[in-house]
Amino acid sequence: MNFSDLIQRIPGIIKSPETVPVEGKKLIVDCVAWLGSAVGITLPEWVLTLVSILIVIVTIIAVFMVMFALMSVFERKIIARIQNRYGPNRVGPCGLFQPVADGIKMLTKEDIVPRGADKIVHFLAPIAMVAPALVLPVILPYGRGMVPIELATGILFFFAMGAGTELAVFMAGWSSNNKYSVMGAMRAIAQMISYELPLVMSAVVVALVAGTLSPNGIVEAQAGYNLGFIPKWFVLTPWGFVACLLFYLGALAESNRSPFDLPEGESELVAGHLTEYSGFKYAIFFMAEYVGMFAINGLLVTLFLGGYQSPLPFLEWIPSWCWFFAKLACVAFSMVWVRATLPRFRIDQMMQFAWKFMLPMSFAALIAAATWHYAGRGPAAWGLSALIVGIPYLVLGRLCFTRHHTADNRTYLFSE
Amino acid sequence: MHDLLQRFLSLPWDQAPQWLFLIPALLMLLASAAAVMLRNLIHCALCLTLSFIALGVLFIALGAEFVGFVQLLVYVGAVTMLILFAILLTPASEVAASNNPFRSFNLSKAVNAVTGGAVALLVLCGLLAAIFFSPHARAAVNPAQAAVAPAKAIGENLLSHTLLPLQGTAILLTAALIGAALLAKEERPS
Amino acid sequence: MMLQVLLAISAVLFCFGLLAALTRSNAIMVLIGIEMMLGAGNLNFIAFWKFSAHPELLTGVMFAIFSIALAAAEAAVGLAIIIQVHRRLRSVNINRADQLKG
C-alpha cells in the first residue's frame, strides 16, 4: 500500500465512485497501517481495528460538534433575517465566532443544583440525554461505503436508541423537584410517545418497499433515474411524499422544535424540564437536542431523499458525501424556516393532530406503498397509490380541522 | 506471586471475548437488586430501566440483535414510561413511604419479608440445582459457529410458521389497548 | 458451561422479581417484579436458542419476540387496573384491595 494508492481511494478524489467501491473503514485501516510502516513499525491487526474505531468515533463527534456550533449561529442569523433584524454580528467576522463566546459563557456559569433536588438523578439526566444522541449518527450512510457501523437492523437501532431520550427527559423533570419541570417533562414525554408512532410507521413504509432495515440498503434501493433524469427517490412517489411529510413533522416533534416546542414553551412553563439546569449541564441538553435533530434529519435524508445519491445524472462527479450533507443542510434550513414562521401549537391540537390525523395517514401510506409495490411500480401503480393516500387525506382533513371540533371541545388534561 | 501471574497468563484468553456478555449480565443483576431493595419508587423504576437496558445489551451480545433492539424499544420506550407515569399518578405521600419491608421495622412486615425472602431463596436453590446438576444442561456444548438471527429470517418466519400467533398477538394488543383505555378513563359524574 | 452460567443469571433475575412480587405491598412494585420475571424468561429463551441444535429455526427468538409483545400488553392493562384501584380506594397497597365488590 503506497501513498498514491491511498490518495486515489479517498472518496472526494475519485471521479466515478461506481467503478471503484470505496470502503471508508478499510481506507482508514490502510492509512493507519501506512503510517505505521512509514515510521517503521508493523502494527498487529487488533491495533488497526481499535485505532480505526477510535478514528471513526472521534470523527463523528467532531463533525457533529462543528455542525452544532455552525447551526447555533446560522439559526439565529436566519431567524433574524426572516424577522427583519441583524442577529449576532459582534463576535468575529459576521458574528461567526458567536458559538465560541456562547461556549465560554456556558462553561464559566455557576452550576446550580436545587436543594430539594434528587442529586444523583439530576446529575445523571444530562448524561442519559447526550449518550443516545451521540450514538444515533453511527448508522447513517454518509457516502458510498461511508457507513460507520453497517447494521442490518440500523433503522430499528435508531428508534431503540431514540427511546432513551424520553427517559432522560423524565429524569430531568422529576429530579428537579419543580412543578414546571415535572409538567414540562410530562408534556414532552406525551408528545414524544404520540409522535413516535407516525414517525416509526412512516419509516416502516420505506422498509416495506426497500425490503431491508439497513440504511445503506435503503439508499441503494433509491439509486437510478426514471426517464433518464427523475431520480428514484422515495419522496417522489405519492406514498413516499406523504410518509416524508409525516416523518418531517414527527422529527420536528421528536426534537421539540417549534411549532412543537410546548414542553419548553417559555410563556407557559419557564423552560420545561430544563428549568432547574444551568451552566454546562444546560449546554449538554442543548447539544443533545441539536445532535438528535441532525441525526433524525440525516435519517430523513436517508429514507426519503435518496441519501447520498445525486439528484441529476450529470452531477454524479460530485462526491456522494457532499450530496448527503447538502441535503442535510437543506432539511435543517427548512426546520429553521418553520421555527421562524409558525406559532406554537396548543396542547389539545397537538395531541389531536398526532392521533387523529398523522397516525391514520401513516397507515394509509403503508397500504399505498404495498399497493404501489404489487401493482408493478409503474404509472398505474403511481395513480392507484395517489388515490389511496389522497382520499384519507381529504376525509381526515375534513374531520379533524373543521372549526368546531378544535375550538369548542377543549379539555385541560394536565391542569386539574 | 510469580507462579500466580504465570497461571493467570496461561488461562485460555483467546476464549475471553465470548465471555464478554458477563459485563451486561452483572450490570443487569446489580440494577435489578437495586430495583427490589430501594425505598423510593421512582428510583426502583429507574433501576428497572437500567436492568432492561442491560438485558437488551445482553441479547445483542448473545447474537439476537433484533430481539435486543425490540427489547430496548418496547421496554425502555414504553413499559418503563407507563410505570413512571403510573407512579406519578399515585399520590406523593405514598411515593415517599412506599412501605418497604427492608427499611422500616415492623413485626408483620418483617415476617412478610422473611417469608418472601425464604420462598425466593428456595426457588433460587431449586433452579440452580436443576441447572447445574441436570444431565441435559450439562450435555449442551458451545456452538461451533455463532448463532445469528437476521431480521429478514425473523420477518419471513413471522409471516409463515408463526402467522397464527402473530394474528393472535395483534388481536390481543388491540384488546389490551381498548381495555387499558377504558379502565383508565375517568368516570365523570353525568 | 456458558449455557449454565446464562441460566443461572436468569434464575437470579427471576428470584429478584419473585422477591419484589412477594415482599412489597405496593401494586406497582409487584408489577415491576413480574416484569423482571418475564425478562428472565426471555433470557432463557434466547439462551436455549443460542445453544440449540438448530439455531437457524429461530424458535427461541420468535418466542422472545412474542413474549415481549405480551409483556407490553400486560403492563398496559396492569397499570390501568392499578390506576382504577387507586381511584376507588385512594391507595395502591394490594393488602387493602380485598373486596370483590367495586
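**Start with chain C and its confidence**

Colour chain C by pLDDT: helix H2 (residues 27-50) of chain C has the highest confidence there, with a mean of 89, while helix H3 (residues 59-89) of chain C has the lowest, at 86. Keep in mind that you're looking at a predicted model. Over chain C the pLDDT averages 84, and 96% of the residues score at least 70. For the complex, the predictor reports an ipTM of 0.87 and a pTM of 0.84.

**Stay on H2(C)**

Now select H2(C) by itself. From first C-alpha to last, its 24 residues reach 35 Å, close to the 34 Å expected at 1.5 Å a residue.

**Zoom in on C:Ile32**

Next, pick C:Ile32 and show what surrounds this residue. Skipping neighbours within four places in sequence, C:Ile32 is in contact with C:Ala20 and with B:Ala35, B:Cys44, B:Ala45, B:Leu48 and B:Ile83. C:Ile32 also belongs to the largest nonpolar core, a set of 194 residues. Along with C:Ile28, A:Phe247, A:Phe304 and A:Ala365, C:Ile32 touches the most other members of that core. Which helix gives the most residues to this core? Select helix H7 (residues 179-210) of chain A: this one gives the most, with 17 residues.

**Move to where B meets C**

Show chains B and C together. Their contact takes 66 residues from chain B and 53 residues from chain C. On the chain B side, the elements giving two or more residues are helix H2 (22-37), H3, H4, helix H6 (107-133), helix H8 (151-158) and helix H9 (163-184) of chain B. Highlight H6(B), which gives the most to that side, with 12 residues. Colour the chain B side by residue type and you'll get 50 nonpolar, 15 polar and one charged.

Methods
Residues are numbered from 1 along each chain as its sequence is written. Chains are lettered from A and ligands numbered from 1 in the order in which they are written. This is a predicted model: local features need pLDDT of at least 70, side-chain atom pairs count only at pLDDT 80 or more; totals for chains, interfaces and linings use all residues. pLDDT is the predictor's confidence in each residue, from 0 to 100. Helices (H or I, at least four residues) and strands (E, at least two) are DSSP runs, numbered from the N terminus. The expected span of a helix is 1.5 Å times one less than its number of residues. A nonpolar core is a set of buried Ala, Val, Leu, Ile, Met, Phe, Trp, Tyr and Cys residues joined through C-beta atoms within 7 Å. A residue is buried if 20 or more other C-beta atoms lie within 10 Å of its own, exposed if 12 or fewer, and partly exposed in between; C-beta atoms are placed from the backbone. Two residues are in contact if their C-beta atoms, placed from the backbone, lie within 7 Å. Ala, Val, Leu, Ile, Met, Phe, Trp, Tyr, Cys and Pro count as nonpolar, Asp, Glu, Lys and Arg as charged, and the others, Gly among them, as polar.
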